[in-house]
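Please consult the sequence and the structure while reading.

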Amino acid sequence: MTVAELSPTAQDTRSALRLITCGSVDDGKSTLIGRLLVDSKAVLQDHLAGVQRHGQTDLALLTDGLSAEREQGITIDVAYRYFSTEARKFIIGDAPGHEQYTRNMVTAASSADAAVVLVDATKLNWADAALQLLPQTRRHSLLLKLLRVPSIVFAVNKLDAVEDSAVAFRHITDALQAFAAQAEIPVTAVVPVSALKGWNVVDASEHAGWCDYNGPTLLEILEGLPVTPSDTALPFAFAVQWVEKFSGSSDTSQGRRVFWGRVATGSVQPGQSVRIMPNGQTAVVAQVLNHVRNPQAVTAGHSAGIVLDREVDVSRGDWLLAVEDGSPATLEAKREIRATVAWLDDETLVPGRVYWALHGHRWVKAKIKRIVHRLDIHTLAEEDAQQLEPNAIGHIELALQEPLATLPFERSRTLGSLVLVDTASHRTSGALLVL
Amino acid sequence: MNARTENAVIQTALQQAHDHHLSNAHLDALEEETIFILREVAAAFERPALLFSGGKDSLVMLKCAEKAFGVGRIPYPLLMIDTGHNFPEVTDFRDQRAKELGAELIVRNVEDSMARGTVRLAHPGESRNVHQSVTLLEAIEEFRFDALIGGARRDEEKARAKERIFSHRDSFGQWQPKAQRPELWTLFNTRLQQGEHFRVFPISNWTELDVWQYIARENIALPSIYYTHQREVVDRRGLLVPVTELTPPRDGETVQVRDVRFRTVGDITCTCPVESLAATPDDIVIETLAAEVSERGATRMDDKTSDASMEKRKKDGYF
């Protein structure tokens, strides 16, 4: 506990790191989170008393809160937990490992600053210098890379349960690094842990040198990771979320409406020329309010209220995009896009179907023109496909009912991401990452 | 909320509390997220309402709503499902606050559902808390609400920790934990079929400590029973049960007067205070940091029946 945390009015610049854990079933994700919470003294007595089973503490029960989860001993949906250390605050999403719950893992990953991928040493042929990783380790790592989770940490678990932990850790580390290099997955760290016994999770002292590892503990690594930076370097882009009208007045000149939303990229200040998408009209920003209505410039990631210098047709879902020297800066609206898709629905994706697509706050109809290919998660090979099954990852081409100004997801999370929604069932069916 | 508190640290903190500027990056981020969600509800739904009990969590949401829309411009009505067993300090405060904000306050009573016969108690002394679901669903049908904003937090309870921010409910108001919609980035799928609605939780990611730090920072007024006061209670299996007309002492129980405050307010028949001398939000922040028992564990009689009781109630339409 710090003075900053104790005092409600003191300076506290600690930002929260949004963290997820992933890996296969029974790799010990829930146990690891339970260990982080218990060893950092974040669990209250009544909660700890509630997770006793046969006279022993079952740490997984701290996060597995659904009755079906306790019945089956698996995690079905993401549980969010909160804890803090002197160094920082954490929001942890405990994501399920089962392939059938990939959509819940993707949900947790889409907002994460960092991910811990658990690797169960006992499930691998650890004595083999050229061992094969489990499919879920590959799938999850690949999804994390696709979703641009900035920091990826591999935690090799259950090393206390293998015969030669140092050899096992070395072989597994080599396999992870080889796979990561092939898939171009940036790896922040590989750390040996025993979630069950608490080794190398929070405290290291007793087991220094275990597995020939002398680096920081998992928590020490997590305390040092950066939060996701906003896209401030790109030109200004802004999706209109809510239009505040000052009713009771027929005056429609400047200042009668405020357009509220979150700055997706760049920053905005008075004098900025903008083009309104999709109608193409232009205007100049007259005033910018922050979320508590004080006038000021606002940068990417923050809410802003924008007042334009003239009366133009702007409604929810429209985008305000920077115009430099009379021409639009980099962003072109297109009627066709190509994207990586993570297919999340129980129904198969087939070409020809029309879905709702949501981009920022705009809903448009989108037709699947063709499946370019499916990604084999074992070999990373691109293979021909006529359809995409639940939990598949592939590339598709879509035709849009109205043009959208997008950027590749690699350049901007906000401008490069869409979801597809089934027009019949209204289920969220796919996550789209613009290529 | 670590369990270790040292007096020296607390004293230093108290002294420094007055000297520092109001700056807490984490609270700023939570506030911004909440405002974003409140605006999304206003824009995406036709008939939303904000559940308002007069409790601390709903008062924090109202504060964020004032910031999101401007004072006097909150674009949805406030809805209270009243069990008829509320602390008068809280209902009085609720009415006064709604009036100050110029907000429309809709109150629907469990007692009316009982009169209609849609709520039947197993026995006269039964807590009406669980029956709020029925009255709530009746209000949803009456006003055709398509989104209800609630102040539930994921740190309160394990089933809540699993729930999405935009939580889809079917025409029976049921939560289906195994079939939750993926919630990607901040792209919220708010599409509904006829008769369905959403429960929306803008302060999902706040903890009890965050709420109290925000109350301290923003000078949010609360019902008086959140702060220390003397009250007649009986000690029943470790819980301090308030002595009221509805909750009289049982045979053999000794009535004591203790210094207490409420960590959570709700139906009188299932809400207990904790022993405390905390008189200000700052005091409570420090108490919360030192707490060894959770908010619900210390105060709720109805959550203890089974580990899955909240999940079951949510599946039945409960908030």
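This is a predicted model: local features need pLDDT of at least 70, side-chain atom pairs count only at pLDDT 80 or more; totals for chains, interfaces and linings use all residues.

Q: Why is C272(B) said to be in no disulfide?
A: The nearest cysteine sulfur belongs to C270(B) and is 8.4 Å away. A disulfide requires the two sulfur atoms to be within 2.5 Å; therefore C272(B) is in no disulfide.

Q: Why is C272(B) called buried?
A: The relative accessibility of C272(B) is 0%. The term buried applies under 20%, so C272(B) counts as buried.

Q: What makes C22(A) buried or exposed?
A: The relative accessible area of C22(A) is 0%. Because buried means under 20%, C22(A) is buried.

Q: Why is the aromatic pair of F87(B) and F262(B) called tilted?
A: Over all chains, the count comes to 17 aromatic pairs. In the pair of F87(B) and F262(B), the rings lie 4.8 Å apart, centre to centre, with 55° between the planes. Centres within 6.5 Å make a pair, and planes under 30 degrees apart would count as stacked, over 60 as edge-to-face.

Q: Why is the charged end of R191(B) said to sit over the ring of W356(A)?
A: The charged end of R191(B) is 3.7 Å from the centre of the ring of W356(A). The cut-off is within 6 Å of the ring centre and within 35 degrees of the ring normal. The distance of 3.7 Å is therefore within the limit, and the charged end is listed as sitting over the ring.

Q: What makes β8 and β10 of chain B edge strands?
A: The open sheet of four strands has the order β8-β7-β9-β10 in chain B, with antiparallel pairing. Each of β8 (239-242) and β10 pairs on one side only.

Q: How do you know that β9(B) and β10(B) pair?
A: β9(B) and β10(B) share two bridges in the antiparallel sense. Pairing needs at least two bridges, so the two strands pair.

How values were computed
Residues are numbered from 1 along each chain as its sequence is written. Chains are lettered from A and ligands numbered from 1 in the order in which they are written. Side-chain values use heavy atoms; hydrogens and water are left out. Rings of Phe, Tyr and Trp (its six-membered ring) pair if their centres lie within 6.5 Å; planes under 30 degrees apart count as stacked, over 60 as edge-to-face and the rest as tilted. Buried means under 20% relative accessible area, exposed over 50%, partly exposed in between (1.4 Å probe, protein chains only).
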